[in-house]
Amino acid sequence: MSQTKNKGSLPFNLILIGFMGAGKSTVARCLGKKCAMEIIEMDEEIVRRERRSIPEIFQQQGEAYFRNLETGLLKELQKETNKIISCGGGAALRAENVAEMKKNGKVILLTAEPQTILNRVKYDNSRPILKNRKTVADIAELMEKRQEKYLAAADLVISTDNKNIGQICEDILHAL
Ligand code: S3P
């Protein structure tokens with residue numbers, strides 16, 4: 001799909017999933033620009049509605065509360081088309097969420113090696129799931145636990161290791 005092919009609008013959404021630090025937000029911005037599509041950042045939308053940060057939501061209400069917000073938001077987003085939806089890294093782990101994504105979206109899984117992920121997230125403290133787990137071994141272990149679900153949800157798998165953002169977006173547009 002090239003920008004010219006998207007002169008009209010897509011009758012579905014492009015949904016980016018993958019592990020924390022896989023590049024979902026960066027890729028969403030790049031694709032949004034290239035294809036003149038609006039972006040919905042699920043985490044940002046949740047933070048805006050809750051008027052508190054993700055670490056605060058986890059700390060004050062617990063992870064299950066956050067996960068339920070994700071599910072509710074995904075359900076709402078079914079009314080959208082022609083949007084790029086950048087999901088939080090845990091959104092594709094619930095079967096119910098994946099069912100919502102599939103109703104109206106092409107699901108793109110971004111992958112990266114644990115070392116690449118560590119390099120990208122090591123100075124960032126906004127992810128409660130990675131608190132005290134910022135080692136290659138911990139990231140590899142968590143990734144391994146999640147991998148099957150990520151792959152099962154994906155219509156398209158794109159590796160981001162050793163590629164710049166332009167290349168990653170080209171790979172996606174080429175494969176669509
Ligand atoms: C999470 C990923 C985060 C955010 C929350 C939980 C996860 O989003 O939704 O901290 O469980 O993988 P990013 O993938 O954008 O970091």
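Is Gly72 buried, partly exposed or exposed, and what is its relative accessible area? I looked it up in this model, which is predicted. Gly72 is partly exposed, with a relative accessible area of 32%.

**Entry 1: along helix α4**

I began with where Gly72 sits. Gly72 lies in helix α4. I also checked a distance from Gly72 to Leu14. The two residues are 58 apart along the chain, and their C-alpha atoms are separated by 18 Å.

Next I took Thr71, which is in helix α4 as well. Thr71 is buried, because its relative accessible area is 4% and buried means under 20%. Which residues does Thr71 touch, leaving out those up to four places away in sequence? I found Arg94, Glu96 and Asn97. The side chains of Thr71 and Arg94 are joined by a polar contact of 2.7 Å. The side chain of Asn97 makes a polar contact with the Thr71 side chain, at 2.7 Å.

Then I moved to Glu70, again in helix α4. Glu70 has 1% relative accessibility, so I noted this residue as buried. Setting aside neighbours within four places in sequence, I listed what Glu70 is in contact with: Met42, Ile46, Gly88, Gly90 and Ala91.

**Entry 2: α3 against α4**

Two packed helices are described by the angle between their axes and the distance between the axes. I looked up both values here. Helix α3 covers residues 54–61, and helix α4 covers residues 63–76. Their axes come within 6 Å and cross at roughly 125°. The two helices are therefore oblique to each other.

Which residues meet where α3 and α4 touch? On the α3 side I wrote down Ile54, Ile57, Phe58 and Gln61. On the α4 side I wrote down Glu63, Tyr65, Phe66 and Arg67. Sorted by class, this contact has five nonpolar, one polar and two charged residues.

**Entry 3: the nonpolar core**

In soluble globular proteins, nonpolar side chains tend to be buried together. How many residues does the largest nonpolar core have here? I read off 53 residues. Ile17 and Met101 have the most contacts inside this core.

**Entry 4: Lys103**

Lys103 lies in helix α5, residues 95–104. Is Lys103 buried or exposed? Lys103 is exposed, at a relative accessible area of 59%. Its side chain makes a polar contact of 3.0 Å with the side chain of Glu100. I also compared positions with Phe66, which is 37 residues away along the chain. The C-alpha atoms of Lys103 and Phe66 are separated by 22 Å.

**Entry 5: two asparagines in loops**

I ended with backbone angles. Asn132 has a phi near 60°, a positive value in a residue other than glycine. I placed Asn132 in the loop between α6 (114–121) and α7 (136–153). Asn132 is exposed, with a relative accessible area of 73%.

Asn162 also is not a glycine, yet has a positive phi of about 55°. I found Asn162 in the loop between β5 (156–159) and α8 (165–175). At 81% relative accessibility, I noted Asn162 as exposed.

Notes
Residues numbered from 1 in each chain as written. Predicted model: local features only at pLDDT ≥ 70, side-chain atom pairs only at ≥ 80, totals over all residues. Heavy atoms only, no water. Axes fitted to C-alpha atoms, helices over the stretch in contact; angles between N-to-C directions. Helix = DSSP H or I, 4+ residues; strand = E, 2+ residues; numbered from the N terminus. Parallel < 35°, antiparallel > 145°, perpendicular 65-115°, else oblique. Contact = heavy atoms within 4.5 Å. Nonpolar A, V, L, I, M, F, W, Y, C, P; charged D, E, K, R; others polar. Core = buried A, V, L, I, M, F, W, Y, C linked by side-chain atoms within 4.5 Å. Buried < 20%, exposed > 50% of the residue type's maximum accessible area, 1.4 Å probe, protein only. Polar contact = N/O pair within 3.5 Å; in protein donor to acceptor, adjacent residues only side chain to side chain.
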